[in-house]
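Notebook open, model loaded. I am jotting down what I looked up, in the order I got to it.

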Amino acid sequence: RTYSGEIFYRSRDDLSSTEFTVGNECILVSYSPNDELVAINSTPELFICNKCGYGVVGTTPSKHQTPYGAECDGKIKPQALGHVFRTDVVILDFASFHDSGMNLDAALSVLYALIEGMSNEFSIDRRDISGCLYTDGHNFRFVFFDMTPGGAGYVKILKENSGDNIRRTIQKGLEIVNSCNCGGAGGNTVCFSCLLNYYNQRYQDKMTRRAAIDWLSSLEIDS
């Protein structure tokens, strides 16, 4: 089984940003406590009747009954279920990534390298934090959030210590992907020893260690 859910950030226009210089890199950091995200369950086998609400996972029956036992003539269609939840959010916007040609696969690789870096560097349980991508159609921004509803103060650490915590996160993420040997010298895959986990298995064929190594190395963050 794989995790079929996906989380998206609901962007806001009123967020203020703080600019940090980390090495030679300019990074805009936005912190938004109790912000909104949307969790979507996109299980392909979920079908719901548009008339009576009958639901089934798997093969759709030729006939079905309403909750009251009567035969229903409604149409059963594939559906995705979702809900809005609130938690603490931090958004990192790297200046050197603007108009850099970074594609979705590379952005996902960098995102999860940064999450693993933060988890390992600051001894945060990996299940307590996560992230997603936000794009304006041109550039990717990296969204980090607490998995605890209402927030628990974990991702807030990225905006503290004048950018030094971001530097440590980048360095640890780069160390993780550099120290793994999955995909051989080319690093053209990821595994459960570096970036892969139950919740991001859907991206297994998209992420590579090489993309994370190349992009994080290009930041030239000093020790």
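This is a predicted model: local features need pLDDT of at least 70, side-chain atom pairs count only at pLDDT 80 or more; totals for chains, interfaces and linings use all residues.

Started at Gly150, which is partly exposed at a relative accessible area of 39%. My cut-offs: buried is under 20% relative accessible area, exposed is over 50%, and partly exposed is in between (1.4 Å probe, protein chains only). Residues are numbered from 1 along each chain as its sequence is written, and side-chain values use heavy atoms, with hydrogens and water left out.

**Around Gly150.** I found Gly150 in the loop between strand S11 (140-146) and helix H2. Helices (H or I, at least four residues) and strands (E, at least two) are DSSP runs, numbered from the N terminus. Which residues does Gly150 touch, not counting those up to four places away in sequence? I get Asn34, Arg86, Thr87 and Asp88, with contact meaning heavy atoms within 4.5 Å. I also checked Phe85: it is 65 residues from Gly150 along the chain, yet their C-alpha atoms are separated by 8.1 Å.

**Strands.** Next I followed S3 (residues 25-41) and its partners; two strands pair if DSSP finds at least two bridges between them.
- S1 (residues 5-9) pairs with S3 in the antiparallel sense over 5 bridges, and Glu6 stands opposite Ile40 there.
- S2 (residues 17-22) is also antiparallel to S3, over 6 bridges, with Phe20 opposite Ile27.
- S2 and S3 make a hairpin with 2 residues between them, and Gly23 in the turn has a positive phi of about 65°.
- S9 (residues 81-94) runs antiparallel to S3 and is joined to it by 13 bridges; Val29 has Leu92 as its bridge partner.

I looked at Met118 and, leaving aside neighbours within four places in sequence, its contacts include Ile129, Phe144, Ile157 and Thr169.

How do H1 and H2 sit together, parallel or perpendicular? Their axes come within 7 Å and cross at roughly 105°, which means H1 is roughly perpendicular to H2. Axes are lines fitted to C-alpha atoms, for helices over the stretch in contact, and angles run from 0 to 180 degrees between N-to-C directions. Under 35 degrees counts as roughly parallel, over 145 as roughly antiparallel, 65 to 115 as roughly perpendicular and the rest as oblique. I also checked H3 (residues 209-218), where the buried residues include Ile213, Trp215 and Leu216; H1 (104-121) and H2 (164-179) are part of what covers them. Glu220, after H3, has a positive phi near 50°.

**Cysteines.** Last item: the structure holds 0 disulfides, a disulfide being a pair of cysteine sulfur atoms within 2.5 Å. Cys49 is in none, and the nearest cysteine sulfur, that of Cys52, is 3.8 Å away. Cys49 counts as buried at 4% relative accessibility. For Cys52, the closest cysteine sulfur is in Cys72, at 3.8 Å, so too far for a bond.
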